[in-house]
Amino acid sequence: MLERLLAERRDVVLAQWLDLILGTYPADSFRFFKKQKDPFHNPVGHTLRQETAVLYDALRSGCAPEEVETALDGIARIRAVQDGSATQAVAFIFLLKNVVREHCAEHLGDARMRGELFEFESRVDGLALSLFDHYMKFREKIYAIRLRETQKRSFHLTEKSAEILRGRDGKVSLAEPPARAADA
Amino acid sequence: MAEAIKKPEELGRVQFQPSRKGWMDPHVDFRRGTWNYAAVAETLRYLDQPNPRKWSPVDDDWKLPEGWEKIILEGLRDRLKHYRSLQIFIDTCVRCGACADKCHFFIGSGDPKNMPVLRAELLRSVYRNDFTTAGKILGKIAGGRKLTVDVLKEWFYYFYQCTECRRCSVFCPYGIDTAEVTMMARELMNLVGLSIEWINTPLSNCYRTGNHLGVQPHGFKDSIDFAVDELEELTGVRVDAPINKKGTEILFVAPSADYFASPHYYTLLGYLLLFHEIGLDYTWSTYASEGGNFGLFHSAEMMKRLNSKIYMEAKRLGVKWILGGECGHMWRVMHQYMDTMNGPADFLEVPRSPVTGTRFDHAASTKMVHITEFTADLIHHNKLKLDPSRNDHWRVTFHDSCNPARAMGWIEEPRHIIRAVCNHFREMPENTIKEQTFCCGSGSGIGTDENMEVRLRGGLPRANAVKFVHENYGVNLLLCICAIDKATLPPLLEYWVPGVEVGGVHEMVGNALILKGENERATDLRGQPYEPEQVEAEETEKTHA
């Protein structure tokens with residue numbers, strides 16, 4: 001019952017959800033993220049529009065886990081470098097609940113609809129937790145990159161200015177610093 | 001500064017909406033990852049800069065000097081008199097918004113104060129308040145703001161979130177150069193000792209040793225000698241790389257990263273092979289051992305001080321003209337400021353290629369030519385024997401670095417070279433390249449690791465276009481002709497587009513160049529073994545965009 005409703009109203013629900021998400025940015029940015037349709041001029045708006053549609057379809061009817069992973073990656077990668085707390089970065093997922101509840105309001109007298117809605121909302125909660133994992137993955141990535149940058153800088157200084165890396169054959173290795181597991 | 005810990009009942013409350021404060025509210029949250037370390041006192045002293053002290057942008061008290069407001073306002077008055085451009089840029093903007101969504105920092109962050117128009121307004125509002133009649137009488141109503149500590153902190157935050165890339169200027173109907181507004185704001189902040197470590201330390205290094213990294217003459221010679229040895233191992237050919245040699249035809253000046261950092265180093269190898277093969281009569285200099293000029297990111301005075309060594313060294317060595325390496329901002333300095341600052345270089349001759357005879361008349365006054373112009377001319381006249389299949393392991397795309405593309409107009413020269421030395425070249429989407437190119441997000445001295453979040457968000461539009469050609473055409477190498485790009489694009493791509501590396505155009509030239517008497521190349525200049533048998537016949541077909 002809910003699945004059919006969510007399928008019928010897919011475009012409307014998605015548009016409303018996206019408006020709420022973009023509404024978490026300042027007003028001027030909201031207009032730009034919403035109106036500019038060129039994906040190269042507006043990667044944030046484009047990614048959010050594209051990936052929220054994937055997440056929505058996954059929530060209502062299920063889809064391949066890889067698709068969800070890719071969609072969550074796309075969004076988390078952006079949210080991880082923007083201003084705002086971790087909570088703000090992932091909380092937009094819950095905004096979908098508000099939209100869907102509004103669309104179901106007239107059918108909530110039906111026990112079956114209520115049951116399906118509870119189940120749907122639990123899936124939304126699960127997705128939010130999953131998004132948090134992705135968000136953390138990219139936050140850690142940022143720090144791993146910072147660390148690597150520092151290592152690289154000191155590596156080159158050491159390599160070039162001192163004799164310590166000179167092997168017995170008198171040659172200096174120009175190999176990159178070893179990649180760490182955290183960078184993978 | 002410790003961040004406030006939320007109480008349990010506060011944790012459940014999520015603020016979905018941004019605060020409604022207007023743009024005139026100057027408060028800035030100095031969140032970790034979004035600002036650069038302050039310049040250390042020692043470098044300020046070394047450069048005779050005011051107010052050397054220990055401070056941090058997250059401190060409440062920035063230890064500003066007595067009467068700092070007056071110092072800045074007087075500084076602004078001086079600059080308005082001195083630079084007609086500043087007065088015009090400040091007065092002509094009608095806030096049409098054409099630039100608003102063109103800045104990579106705004107596109108990536110969604111922070112309205114990253115809109116070029118609004119960023120400039122941070123300075124313009126102070127100008128209005130203190131320099132215009134309407135502002136003096138009506139104040140806030142006329143868009144004026146009093147210069148306060150919070151306004152100054154806001155300047156520091158946002159004018160170090162501008163890479164002076166000038167993409168916004170391309171779209172401005174009045175041609176306002178917002179980069180120059182940023183330059184002026186930074187100059188004003190320098191007057192009260194607000195500078196950043198990543199600019200000031202290279203400056204003081206450069207002032208002392210001639211290059212940003214502080215490499216001394218023997219270290220410089222070691223690096224070049226090492227490259228010569230390595231090239232002999234790779235190619236079997238021993239190249240000559242003269243240093244401080246008097247009476248040669250050409251002085252060659254490259255950014256110091258070329259002989260000290262990776263992947264720049266492979267570009268250096270490319271230069272050395274090219275110069276050897278064409279028998280160029282040239283010299284390196286241990287004094288003019290830096291083409292880049294971080295003075296551009298600090299102040300006109302500092303830029304002039306650092307730049308002076310180029311002509312001085314050309315004169316001392318008695319060369320005829322100057323050739324420069326792959327660098328970005330270096331060329332804004334060389335082409336647009338050097339002649340005025342330290343010219344005329346009437347002791348030099350108009351550059352003429354000794355191989356093709358081409359006279360570079362556009363450099364008739366500066367006497368300095370960029371290596372991509374020089375090499376493109378060699379290729380145009382068919383003077384190089386090239387085997388582009390030696391770059392077949394790379395699927396390349398080209399990132400137009402901001403200054404070469406927008407300040408110099410070098411759009412076709414690098415592409416002409418790439419097409420001759422690489423079989424697999426794909427352009428990124430048209431509105432992300434050439435004069436509309438997106439910045440790496442780390443130029444103008446803000447490419448620090450402490451500022452990584454801002455760099456990554458600012459680099460999103462660039463990386464997003466790279467991602468497109470990576471996913472659709474298998475591009476695995478992003479070429480560029482800028483040393484800052486070569487330093488800052490690798491972490492950017494590691495974050496946004498893993499699997500794409502960064503290289504220089506002359507690295508590709510070095511790979512493809514067939515040298516007289518060379519051994520069969522077993523590896524490319526990175527030491528990566530060639531595996532030609534894996535390249536399928538149909539893939540070798542040219543895929544030029």
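Predicted model: local features only at pLDDT ≥ 70, side-chain atom pairs only at ≥ 80, totals over all residues.
A residue is counted as buried if 20 or more other C-beta atoms lie within 10 Å of its own C-beta atom. By this rule, buried residues make up 54% of the 545 residues in chain B.

Chain B contains 22 helices and seven strands. Its C-alpha trace spans about 75 × 55 × 45 Å along the principal axes. The radius of gyration of chain B is 24 Å. A compact globule of 545 residues would have a value near 24 Å, so chain B agrees with that expectation. Contacts within the chain were also examined by sequence separation. Among contacts in chain B between residues at least 6 apart in sequence, 77% join residues at least 24 apart.

One pair of helices in chain B was examined in detail. Helix α4(B) covers residues 84-92, and helix α10(B) covers residues 178-190. Their axes come within 10 Å and cross at roughly 110°. Angles of 65 to 115 degrees count as roughly perpendicular, so α4(B) is roughly perpendicular to α10(B). The crossing of the two helices is left-handed. On the α4(B) side, the contact involves S85(B), L86(B) and F89(B). These meet E180(B), V181(B) and M184(B) in α10(B). By class, the contact of α4(B) with α10(B) has four nonpolar residues, one polar residue and one charged residue.

S365(B) is found in the loop between α15 (329-342) and β4 (368-370) of chain B. This serine has 17 other C-beta atoms within 10 Å. A residue is buried at 20 or more such atoms and exposed at 12 or fewer, so S365(B) is partly exposed. S365(B) touches D339(B), G343(B) and P344(B), leaving aside residues up to four places away in sequence. The residue E427(B) lies 62 residues from S365(B) in sequence. In space, the two are 34 Å apart, C-alpha to C-alpha.

The model also shows contact between chains. Here, 33 residues of chain A are in contact with 35 residues of chain B. Four helices of chain A each supply at least two residues of the side that touches chain B: α3 (27-35), α4 (43-61), α6 (86-91) and α8 (111-161). The largest share, nine residues, comes from α8(A). By class, the residues on this side of chain A divide into 12 nonpolar, 12 polar and nine charged.

Technical notes:
Residues numbered from 1 in each chain as written. Chains lettered and ligands numbered in written order. Axes fitted to C-alpha atoms, helices over the stretch in contact; angles between N-to-C directions. Parallel < 35°, antiparallel > 145°, perpendicular 65-115°, else oblique. Left-handed = near helix turned anticlockwise from the far one by under 90°. Contact = placed C-beta atoms within 7 Å. Nonpolar A, V, L, I, M, F, W, Y, C, P; charged D, E, K, R; others polar. Rg over C-alpha atoms; globule rule 2.2 N^0.38 Å.
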